[in-house]
Amino acid sequence: MEVRLFATLRENRGKAVRVDWHEGINGLAVMESLGILPSAVAIYLINGRNANPDAALSESDIVSLFPPVGGG
């Protein structure tokens, strides 16, 4: 399964990574496997649509993770 990372989440990981899919895997497990805390993710998308990180994923899904945006 492909996981696309944005902004600071790319540090030491790259723009996109492959994660082994298995029955019942969800976004929280994906984040854990990449060493990303759920609190570090502000926007979670499955196939370009807002989703709940505890929803089960399909092998063909593309997960996108965005951190909170700072500025001012």
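Buried means under 20% relative accessible area, exposed over 50%, and partly exposed in between, with a 1.4 Å probe and protein chains only. The model here is predicted: local features need pLDDT of at least 70, side-chain atom pairs count only at pLDDT 80 or more, and totals for chains, interfaces and linings use all residues. Residues are numbered from 1 along each chain as its sequence is written, and side-chain values use heavy atoms, leaving out hydrogens and water.

**Exercise 1.** Find which residue forms a salt bridge with E2, and say how exposed E2 is.

*Solution.* Start with the criterion: a side-chain nitrogen of Lys or Arg within 4 Å of a carboxyl oxygen of Asp or Glu. Searching the whole structure gives one salt bridge. The partner of E2 is R4, with the closest N and O atoms 2.9 Å apart. Next, look at accessibility: E2 is partly exposed at 23%, and R4 is partly exposed at 33%.

**Exercise 2.** Work out the strand order of the open sheet and name its edge strands.

*Solution.* Strands are DSSP runs of E, at least two residues long, numbered from the N terminus; two of them pair if DSSP finds at least two bridges between them. The five strands lie in the order β2-β1-β5-β3-β4, with mixed pairing. β2 (16–18) and β4 are the edges, since each pairs on one side only.

**Exercise 3.** Trace the partners of β3 (residues 43–46).

*Solution.* Take β5 (residues 62–66) to begin: four bridges link it to β3 in the antiparallel sense, and Y44 has L65 as its bridge partner. Then turn to β4 (residues 49–50), joined to β3 by two bridges, also antiparallel. Here I46 stands opposite R49. Two residues separate the strands of this hairpin, and N47 takes a positive phi near 55°.
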